[in-house]
Amino acid sequence: MTPRDKNIVVALAGNPNSGKTTIFNNLTGANQHVGNFPGVTVEKKEGRFNYRDYRITLIDLPGTYSLSAYSIEEIIARNFIIHEKPDVIIDIVDASNIERNLYLTTQISELGMPIILALNMSDMAKNSGLMIDYNYLSKLLGVPVVPTVGNKNKGMKELLEAVIDLIENGFELEPAAVKYGKEFEKEISRLTELIAKDSQKTNGYKEDWLSLKLIENDSEVNKLISGHSQADDIFKRAARSRQRLKSLYGDEPSTVITDKRYGFISGACSEATTMTAERRHDISDTIDYLLIHPVLGLPMFAILMWLVFHVTFSLGEKPIELIEWSIEHLAGLASIYIPDGMINSLVVDGIIGGVGAVIVFLPNIMLLFLAIALLEDTGYMARAAFVMDRIMHKIGLHGKSFIPMLIGFGCTVPAFMGSRIIEDKTDRLITMHVTNFMSCGARLPVYILICGAFWPQNAGTVVFSVYAIGVVVAIVMVKVLRITRFKGMSSPFVMELPPYRMPTVKSLFLHMWERSWMYLRKAGTIILGISIIMWFLMTFPQKRNYSHDYQSMIAKTQAAFQVSQITDDEKNEQITGYRSQMASENLEYSLAGRLGKDIEPLLKPLGFDWRLGIAIISGFAAKEVVVSTMGTVYGVGEADETSESLRSRLANDPKYSKLIAYTFVVFILLCMPCMAALAVFIRETRSWKELLFQMSYTTALAWFVALMIHQGGKLLGLDG
Amino acid sequence: MRFWNSTAKSGGGSKTTRASNSLYLSNAREGETYTMLGLEGGHRFKEKVYSMGLNPGVKFKILQNSGRGPVELQVRQTKLAIGRGMTARIKIRKNDAPG
């Protein structure tokens with residue numbers, strides 16, 4: 001073999017909070033790639049680097065406490081080990097909590113792969129008075145043991161040396177197996193015999209491991225065995241084995257297995273470790289006393305969340321202005337170099353405008369994910385879930401769901417991305433299905449425009465009521481979804497509260513960068529595509545015969561200016577007026593405009609006309625676009641939410657009443673999220689079915705609630 | 001149950017203590033230490049709780065149980081939060097006062 005030909009795959013396994021990610025970052029540096037494991041949204045981190053003559057591919061397996069088939073992370077970790085057969089598995093064990101961490105180790109050992117134990121945070125263990133005899137532990141467990149301190153970058157070289165040594169020379173011992181006792185062994189060998197009759201169907205799994213899992217009644221292994229030619233016999237045998245063991249031990253075999261594993265661990269630990277000090281009240285306990293205090297916990301949480309929000313949106317302001325400025329200048333440049341016409345409009349309005357509208361959020365997204373990384377890496381996130389669980393439980397979700405929902409008030413895009421912190425798939429989906437009702441920041445300009453026009457005196461109160469409706473609808477919908485589409489209880493809330501830790505700057509920034517890059521990539525692909533489609537809908541077909549001959553009117557104005565009949569300002573005002581009237585006629589004539597008219601019968605019961613219909617459709621591109629579209633429809637030129645002319649046009653339009661205005665803002669609040677959010681939604685859920693559900697039910701709900709408001713208001717005589 | 005109760009006063013055998021002192025985590029008191037006995041529920045919940053270090057036989061200390069919201073406890077070298085609904089299914093036994 002020549003150097004670099006020696007490609008090896010190393011997998012990192014371990015408990016959550018064992019410092020796995022820190023070690024992964026130490027070893028791979030920036031050479032990492034974040035993707036997903038096939039078909040699921042569980043993050044798969046992969047990094048490549050050279051060490052000595054080897055090209056090492058390092059895979060960060062999901063952090064798990066066990067390798068049972070009860071969570072998607074566990075199934076992924078164990079299938080990866082079994083099917084991808086990494087050359088070495090590094091099992092990261094938090095030395096300061098060694099017994100609990102070794103529970104996973106006993107299960108990895110059973111898979112029969114080469115293992116190295118990294119006793120991480122060994123300094124913390126030492127400080128707390130736990131002395132570990134590494135050599136002895138290595139002998140007892142039958143695997144090489146390397147002490148490491150991940151956050152100080154210690155022991156990394158030793159770890160890699162151990163990997164190379166294990167590959168080149170092997171290890172003198174076999175990974176020690178837990179002794180389940182004679183009775184178990186008897187049942188296992190009986191089952192193994194049956195399974196071995198058709199070795200084609202074992203799919204690379206070790207037969208005695210399958211037998212043990214059958215006794216544990218592991219759902220994934222049951223599924224695998226159902227394809228076996230002896231499936232019936234095997235299942236019958238397994239049921240008998242379980243029955244027999246249950247009567248022998250007076251307990252479920254799976255519980256006995258757990259007992260035996262912990263028994264093995266405490267045996268090994270009592271021999272290889274000594275505790276020289278009692279556990280002391282530490283700094284984490286003091287912080288926890290405040291942060292999860294039954295009374296103080298909630299206000300502390302509120303303050304921290306307010307800070308996150310404040311930082312995200314106020315620090316983001318300047319960079320956003322800079323990006324807006326750059327986008328405008330880019331559009332300006334494009335207008336100069338691309339001749340007037342279709343291509344120009346496509347590039348400037350469609351591509352730069354559409355993608356620009358999404359990239360503008362990048363500073364917010366980066367800051368928000370930096371804040372989330374900070375909360376996660378310090379250990380506070382678990383406390384937030386703890387504090388919020390009491391309230392969220394009443395609604396039918398648990399503590400962790402609160403975080404993405406809160407982020408939703410800023411922007412639905414990072415909220416969907418943030419819902420990853422909820423492990424349970426059903427809880428995650430329910431959360432994502434109600435996040436839309438947490439009124440996002442881009443909807444605010446619409447409220448400001450409409451409420452400012454119709455309630456100039458108390459717009460703030462009206463806007464607040466809209467936000468409140470969103471929250472109420474979200475709560476009601478969680479309950480409705482729980483009893484209809486997602487039946488059953490919320491998943492059991494059992495969570496570790498890891499010790500508070502100082503996060504490393506490197507890991508914070510890596511974390512932030514990963515998420516932000518994902519967002520940017522999205523803007524470059526799917527959002528680019530949708531922007532072009534939206535532009536097409538709002539541009540074609542082109543109108544040729546306008547109600548007035550605007551071109552010659554513009555020419556006339558310019559001529560009048562030439563001979564000084566009007567001032568420069570007057571000229572510009574007139575031309576802008578003509579242009580926007582042209583744009584307005586064009587929009588009405590376009591596919592989007594026709595669509596707006598086509599859906600008018602649907603919108604009539606809500607009191608909306610086709611112009612509001614177009615505005616709603618354009619909101620699909622981005623919610624704040626509703627405002628600029630209304631500007632175009634009403635032909636008032638460039639419009640923003642404070643635009644006086646647009647406001648007075650709306651307020652003075654005899655077709656509109658306060659009731660219609662309110663119905664409209666509620667509709668905008670509840671109807672489906674914008675395309676950027678939906679693009680992220682499909683990426684996170686990987687389910688077109690859920691996407692269609694999200695789009696249709698939110699919009700249907702918006703229609704229904706708007707109908708109730710409008711018709712109810714009419715009955716009460718509020719449409720005056 | 002009855003039989004064990006009747007002999008509980010001797011306080012010697014493990015079985016007697018187990019029966020007389022067994023209670024649910026939801027009723028555990030802050031600051032006291034307990035021994036995990038087991039839990040009522042499906043395999044999924046069992047494996048989750050056991051694999052997080054709260055397995056039958058292990059001793060733990062209650063850090064917070066305010067009667068509402070999750071219970072916080074210290075087990076092995078870590079802290080766990082357990083949702084209120086779950087605590088009514090976890091059986092525990094009070095440890096004798098140290099010394």
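Analyst: A helix here is a DSSP run of H or I at least four residues long, and helices are numbered from the N terminus. The model is predicted. Helix 2 of chain A covers residues 72–84, and just after this helix K85(A) takes a positive phi of about 40°.

User: Which residues of helix 2 of chain A are buried, and what do they pack against?

Analyst: The buried ones are E73(A), E74(A), I75(A), A77(A), R78(A), F80(A) and I81(A). They pack against strand 1 (6–14), strand 4 (54–60), strand 5 (88–94) and helix 9 (219–225) of chain A.

User: How do you know that strand 1 of chain A pairs with strand 4 and with strand 5?

Analyst: Two strands pair if DSSP finds at least two bridges between them. Strands 1 and 4 of chain A share 7 bridges and run parallel; V10(A) stands opposite L58(A) in this pair. Strands 1 and 5 of chain A share 5 bridges, also in the parallel sense, with A11(A) opposite I89(A). Both counts meet the cut-off, so both are pairs.

User: Why is N151(A) called buried?

Analyst: The cut-off is 20 or more other C-beta atoms within 10 Å. N151(A) has 20, so it counts as buried. N151(A) is in the loop between strand 8 (145–147) and helix 6 (156–169) of chain A.

User: What is N151(A) in contact with, leaving aside its neighbours within four places in sequence?

Analyst: The contacts of N151(A) are G19(A), T22(A) and T504(A). A further pair to look at is N151(A) and S507(A), which are 356 residues apart in sequence while their C-alpha atoms are 9.8 Å apart in space.

User: How do you know that helix 11 of chain A has the span it should have?

Analyst: The 20 residues of helix 11 should span 28 Å at 1.5 Å a residue, and the end C-alpha atoms lie 29 Å apart, so the two values agree. Buried residues of helix 11 of chain A include P253(A), Y262(A), F264(A), I265(A) and A272(A).

User: How many residues of chain A are in contact with chain B?

Analyst: Contact requires C-beta atoms within 7 Å. By that test, 28 residues of chain A touch 29 residues of chain B. Helix 3 (98–110), helix 11 (253–272), helix 17 (380–395) and strand 10 (494–497) of chain A each supply at least two residues of this side of chain A. Helix 11 gives the most, with 5 residues. By class, this side of chain A has 12 nonpolar, 10 polar and 6 charged residues.

User: What makes strand 10 of chain A a partner of strand 5 of chain B?

Analyst: The cut-off for a pair is at least two bridges. Strand 10 of chain A and strand 5 (residues 78–82) of chain B have 4 bridges, so they pair, and they run antiparallel. M495(A) stands opposite A81(B) in this pair.

User: Why are strand 10 of chain A and strand 1 of chain B called edge strands?

Analyst: The open sheet has 7 strands in the order 10(A)-5(B)-4(B)-3(B)-2(B)-6(B)-1(B), with antiparallel pairing. Strand 10 of chain A and strand 1 (22–24) of chain B each pair on one side only, and they are the edge strands. The twist from one strand to the next averages 40°. Within the sheet, strand 2 (residues 33–39) and strand 6 (residues 90–94) of chain B pair antiparallel over 5 bridges, and L39(B) has I90(B) as its bridge partner. Helix 17 of chain A packs on the sheet, where it touches strand 10 of chain A and strand 5 of chain B. The direction of helix 17 makes about 135° with that of strand 10 of chain A.

Conventions. Residues numbered from 1 in each chain as written. Chains lettered and ligands numbered in written order. Predicted model: local features only at pLDDT ≥ 70, side-chain atom pairs only at ≥ 80, totals over all residues. Contact = placed C-beta atoms within 7 Å. Nonpolar A, V, L, I, M, F, W, Y, C, P; charged D, E, K, R; others polar. Axes fitted to C-alpha atoms, helices over the stretch in contact; angles between N-to-C directions. Buried ≥ 20, exposed ≤ 12 C-beta atoms within 10 Å, placed from the backbone. Expected span 1.5 Å × (residues − 1).
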